[in-house]
Amino acid sequence: MKDWQAKWRRIWALTRKETRQIVRDPSSIAIGIVFPVMMILLFGFGLSLDITTVSVAVVDEDVSTDSAALIGAFRLSPYFKLTATRSMAEATVLMLNRNVDGILQIPSDFSRRWHAGAADVQILVDGTDSNQARIMQAYSAGPVAIWTAAQAQAGTSIAAGPVIVESRLWFNAANDSHYFLVPGLIVLVMTIIGAFLTAMVVAREWERGTLEALFVTPMQPGEFLVSKFIPYFGLGMIGFVLCLLAGKFLFHVPLRGSLSLLCLASMIYLLVALGIGLLVSTLVKSQFLASQLAMLLTFLPAMMLSGFLYDLRSMPVVIRGITHVLPARYAVALLQTLYLAGNVGSVVWFNLAVLTAMAAALILATRRATVKQIT
Amino acid sequence: MLSSLLRILALIRKEFLAVLKDPRSRFIIFLPPMLQSLIFGYAASFDLNSVAYAVYDQDHSAASTALLSRLDGSGVFERQADLGRAKDIDTWIDSGRALLVIQIDQNFERNLLAGSAAPLEVIADGRNSNTAGTALGYLNSVVESFNGDWRSSHGQQGASIQIVTRSWYNPNLDSRWTMIPSLIGTLTMMGTMMLTALSVAREREQGTFDQLLVTPFRPFEIMVGKAVPNMVIGLGQSTTVLLIAQFWFRIPFAGSFVVLYAGLTLFLMAAVGLGLFVSSIAKTMQQAMLYAFILVMPFALLSGLTTPFSSMPDILQTVMIINPLRYALDLTKRVYLEGAGFANLFADFLPLLIIGLVTLSGAAWLFKRRLN
């Protein structure tokens, strides 16, 4: 009984010391509170994968009523900002100087060939930004279809295709990229606070020799770890709550699953992140190496390989294989489903189980690593 | 003058030794850019290679079978299941096993033959709306070509416009061609800025910085001694990515190496300047690391790497005038893919030069102030 009391007193004392260290260091507060707020604002207002306006230089070599009407259809589209030019050479200069993203060229035989049954228009895109080029390619189909349909009513063409695709976007009817960015944001913020911040914590104690000073006290390795976990866990949860509130009140992302499951999932993922941070820190014992490793092992995968920004389905098999060992992947799938699809049993329990197993394995490994070095 | 130069050279040598002597630290400087450019080269793509879909065909007609086999033959669409009842649609979408479920109603062929519109109902998993949008785009183009063939084989002729797209500098619109040259700047910036910020903070934490201060070194010399080795290491990181781009991914290099390295040198001046700036504020390594991270994050996210720069709000576009990475991305991509020369890139060189000069002199000023 006495043992237990002493144990908890030691943990409490160490936790208090660690907490004070966090509160007094402006950089911890910056990463715990300023960073989540900054990310929320960036993702909320800065980053958008949604529709953008593309500026296009128009070269009308036909100069007919038909070509003018087609250009008019482009002008009406909200996605295009047109700049009229007189020649292809002039348009090329604009493109080379990055004044426009692409060129719409209507050849001189456009009107004649249109009345003969089939005409071409040429779209030139700048492939250095392949994504924007693709967007532009896809958008240009719109005005052309509108114009063709208008001509159909006038009797010179047939209506758009016999088969019409009517698509419905489940879980995100508004087609708003915030819907899938917010769940990913939570994972990203927890990764940074959990792994990145704590990666340096134990390494610093090794570098400064304060850990060796602790060896001569009755403190046990497990107690030491618990006292490291508690304050950073608290800091991570502050970040989580900030993201949660922003998701609800700022971005109005619906939460279709249960809130308690979402909290549970986030807590378990936070434990995984903390586990990685502390394990790396314990193993390399150097702040520089630990911080670089944490960046390489946690932050970048969470950003690029988790399905947050880039879809896993579009990755080659080998890379997809790698993502299976990355905890962020499971966390993003779990949170996206909980947020947007609801409590889908098969997805939720599988990912939750994987994360729990990872958390347990990491904590055990950290604990073992710590024991080995102290004795 | 000469003694000043000798002092700087000695410091540069010491700085190289401090970073490169430890094999673990050599490893951590050059391995991440290599690994990252390989992984991101394959992973960071908005293109879809395969779209898993399920179909609920209530028509089972020749027309519906023809449309579906055209999908299966596209090389992108992979049919996972033929559903027997509407209830199954939920299960397939919810569990994420199918990205799209295509529902063909029982009048599909009859409508087509009658010449009226035949709707094809498609349900897409919007958990990642970007992916769903791309998949729907692919579906539309397959349906479009089906329509074209149907029209010509059933005599429903009419005038049509064909859009011919030609893409400059990246003929197949391969997103990897955009991504990898962008990584030259991005990975280098992350590496160099943190390395610089940490190198000063480490000396400060271990107390060797104080020792440096009692030597005849002037603050300016200390700063140059810190800046030059980190810039060289940064150029080494850029070269690593560049080599991977050319020899692994085989993306043709259209420009001149002189222009590229001139741009990268200016860019690294700015990155190192920012790193020194951070390190003059930070007291510990943890602070240096976290501040550098908080600074580099918005720069990386708002550089146009992941989302187009022009789709950001105007105010952010204005604020990002100070973002060196933004100019570096434009510069590396254009030199690499377009073969742009100094004349076309003036708009990138000038801001980089200004940012570099401002941050370096700002850092020098802060260094000096700390000493006094």
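Analyst: Start with one pair of helices. In helix 10 of chain A, A273(A), I276(A), G277(A), V280(A), S281(A) and V284(A) meet L289(A), A290(A), L293(A), A294(A), L297(A) and T298(A) of helix 11 of chain A. Contact here means C-beta atoms, placed from the backbone, within 7 Å. By class, this contact has nine nonpolar, three polar and no charged residues. Ala, Val, Leu, Ile, Met, Phe, Trp, Tyr, Cys and Pro count as nonpolar, Asp, Glu, Lys and Arg as charged, the others, Gly among them, as polar. The model is predicted: local features need pLDDT of at least 70, side-chain atom pairs 80 or more, while totals for chains, interfaces and linings use all residues. Residues are numbered from 1 along each chain as its sequence is written, with chains lettered from A and ligands numbered from 1 in written order.

User: At what angle do helix 10 and helix 11 of chain A pack?

Analyst: Two packed helices are described by the angle and the distance between their axes. Here the angle is about 145 degrees, and the axes of helix 10 and helix 11 (residues 287–304) of chain A are 9 Å apart. Axes are lines fitted to C-alpha atoms, for helices over the stretch in contact; angles run from 0 to 180 degrees between N-to-C directions. Helices (H or I, at least four residues) are DSSP runs, numbered from the N terminus.

User: How do helix 9 and helix 10 of chain A cross?

Analyst: Their axes come within 10 Å and cross at roughly 130 degrees. Helix 9 and helix 10 of chain A are therefore oblique to each other. Angles under 35 degrees count as roughly parallel, over 145 as roughly antiparallel, 65 to 115 as roughly perpendicular, the rest as oblique. By class, the contact of these helices has eight nonpolar, two polar and one charged residues.

How values were computed:
Helix = DSSP H or I, 4+ residues; strand = E, 2+ residues; numbered from the N terminus. Contact = placed C-beta atoms within 7 Å.
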